[in-house]
Amino acid sequence: MKFGIDMGHNAPPDTGASSRFGSEDQLTKAIGTLIINKLQALGHEAVNCNPSSASSVLDSLRKRVNTANSQKVDIYVSIHFNAFNGSANGTEIYAISDASRRIAAPILKNIIDLGFFDRKVKNGSHLYVLKNTAMPAILIECCFIDSEKDMKRYNTEAMTNAIVKGLAGKLPEEKPNTPKVQERQTLDLQKALNRLQIRDSNGKALKEDGISGSSTESATQKFHQLMGINASGRPVSLTWKAIDEIISQPVLRPNHAEGLAVRYVEYRVGSEIDGVYDAKTVEAVENYQRQQGLTVDGIIGGQSWSKLFGQPKPNLAVEIIRDTVFKQEPIDSSQIADPNQKYPIKEGEVLALHSWKEEGNHVKLALLEETFNGFNTWYAFVDHIEILQDGEPLQQQPEEEAPQMTDRGDSFHLPGYTSTFFLNDPIIPNGSFFWREATHNGQRIPQTKAHVDNIIALATRLEDVRERLGGFPLTITSWYRPEPWNSQAGGARYSRHKIGQAVDILRSGMTGRQMATKLQNWPGGMGIYSNYTNLLHLDIRPYRARWGGA
């Protein structure tokens, strides 16, 4: 059997989700590499479908699909991790055909048996890699990278084995202590101890080279002593259990916590190490919080863990991309009379964030460290800022879409075509745009074959637009608009809407200008309406045209 393995993302600007528990790029690469190794050990062929570089997210997806198709793999497997709101959890697998659903079923069962919530096998007809591969294909969302529940349970080796066994029916014979396995374990250990700031016998950070030596062994032995683990300088199962518990950053409250994470905190704040969050530990924690300029409450939460690990968690920030004004209300700053209720911010400022939330055409920002006029929560106009995750523009994941309607809606006929069409059918097979959108719920049926062909051509091009805007659903506010509807809408005399070549779209979370920036090489017409700044006009005229700042 020949497998195509896609280690999701890992081709900037195609990068994955991230959270305080890690990055999707790292996890998918770790799992994908192990899957390839294990499948090859079983005698199968395994092709790495990840591109070495990409000019865009769509280019990255195309290259993966092209590799799988050109290599004529038998089964295509794309590995991903979900992210949503910190509460959602579990595993889901996307598939399109019956063959791919049969492949997905045993894999999902194996992962659920590890203790993850069953989110079922779902319809993946909206996913580029599943729509365009020429063989049965699945996309696995292993679990939620922003879920503490999932990431406490997650283990790379166990997840890999669940997938490989589901694909191949068995696992290769284990060969413990082989040089390759030992190297991987040692490197993971070195990285973890450095993150926890556990130093070697000379007080130095470990060299992350995957080679076990006296420095790594002395740091490991020190960690064992701190955790009360009866072992030498070699890692044992309890070593990894302790590391996992600490790195999960549990919230520790006075008189309500005990165990390995408490022992680590006691070590870092200079308290007696006994694993019990008692009054002495609380006093030491409060002193530590006071020294670090944190809220003094004796509770180890996100900010305290950030200081203990020596890095901001979460690594979330806002960059000011245009001179703007922070406001206490999501309204125009000219409407706010009290000078204490607004604060000017210059382009180029980058401020650490605790959290953010969209509210109409504004974003509510909870600043992590800065305070202006006594406030750390402000509103900013969405077009003037950019949210950064780990120093890069945030790559949001689209919310799960509602399942496609089974009711095909009213039927109708189109000039030049003998088939019967239905309003709720996609314009192109497995597409994301429907006849009800193009025809205004059937009120504007094209009267010429040329207009029908224009609608189909535009729908095809819009699939690419949707991918380039992050895969989010697009709202169509206007598409085919022949007379008298064009005049009633105040449309131009020669509007492309009249012949089915134009569309006005909305994308949640983006203004028209932001969409235009993402689509700057659009070859046809593109414009922004002065009175509807969140809309973007696109048309497929045979020459480039721009207006309204697009």
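## Nonpolar core

A nonpolar core is a set of buried Ala, Val, Leu, Ile, Met, Phe, Trp, Tyr and Cys residues joined through side-chain atoms within 4.5 Å. In this predicted model, the largest such core comprises 36 residues. Ile31, Ile107, Ile138, Ile140, Tyr154 and Ile163 are the members with the most contacts inside this core. Two or more residues each come from strands E1 (2–7), E5 (75–82), E6 (91–95) and E8 (137–144), and from helices H1 (24–41), H3 (98–112) and H6 (156–168).

Isoleucine 107 illustrates these contacts. When neighbours within four places in sequence are set aside, isoleucine 107 touches Ile93, Ile138, Ile140, Ala162, Ile163, Gly166 and Leu167. In soluble globular proteins, nonpolar side chains tend to be buried together.

The whole structure contains 0 disulfides. Cysteine 142 takes part in none, and the nearest cysteine sulfur, belonging to cysteine 143, lies 6.4 Å away. Because a disulfide requires sulfur atoms within 2.5 Å, the 6.4 Å from the sulfur of cysteine 143 to the closest one, in cysteine 142, is too far for a bond.

Cysteine 142 is buried, with a relative accessible area of 0%. Cysteine 143 is likewise counted as buried, at 0% relative accessibility.

## Packing of helices H2 and H14

Helix H2 (residues 57–71) packs against helix H14 (residues 449–468) at an angle of about 110 degrees, and their axes are 8 Å apart. An angle of 65 to 115 degrees counts as roughly perpendicular, and H2 and H14 are therefore roughly perpendicular to each other.

On the H2 side, the contact involves Leu58, Leu61 and Arg62; on the H14 side, Asp464, Glu467 and Arg468. By class, this contact has 2 nonpolar, no polar and 4 charged residues.

Definitions and conventions
Residues numbered from 1 in each chain as written. Predicted model: local features only at pLDDT ≥ 70, side-chain atom pairs only at ≥ 80, totals over all residues. Heavy atoms only, no water. Buried < 20%, exposed > 50% of the residue type's maximum accessible area, 1.4 Å probe, protein only. Axes fitted to C-alpha atoms, helices over the stretch in contact; angles between N-to-C directions. Helix = DSSP H or I, 4+ residues; strand = E, 2+ residues; numbered from the N terminus. Parallel < 35°, antiparallel > 145°, perpendicular 65-115°, else oblique. Contact = heavy atoms within 4.5 Å. Nonpolar A, V, L, I, M, F, W, Y, C, P; charged D, E, K, R; others polar.
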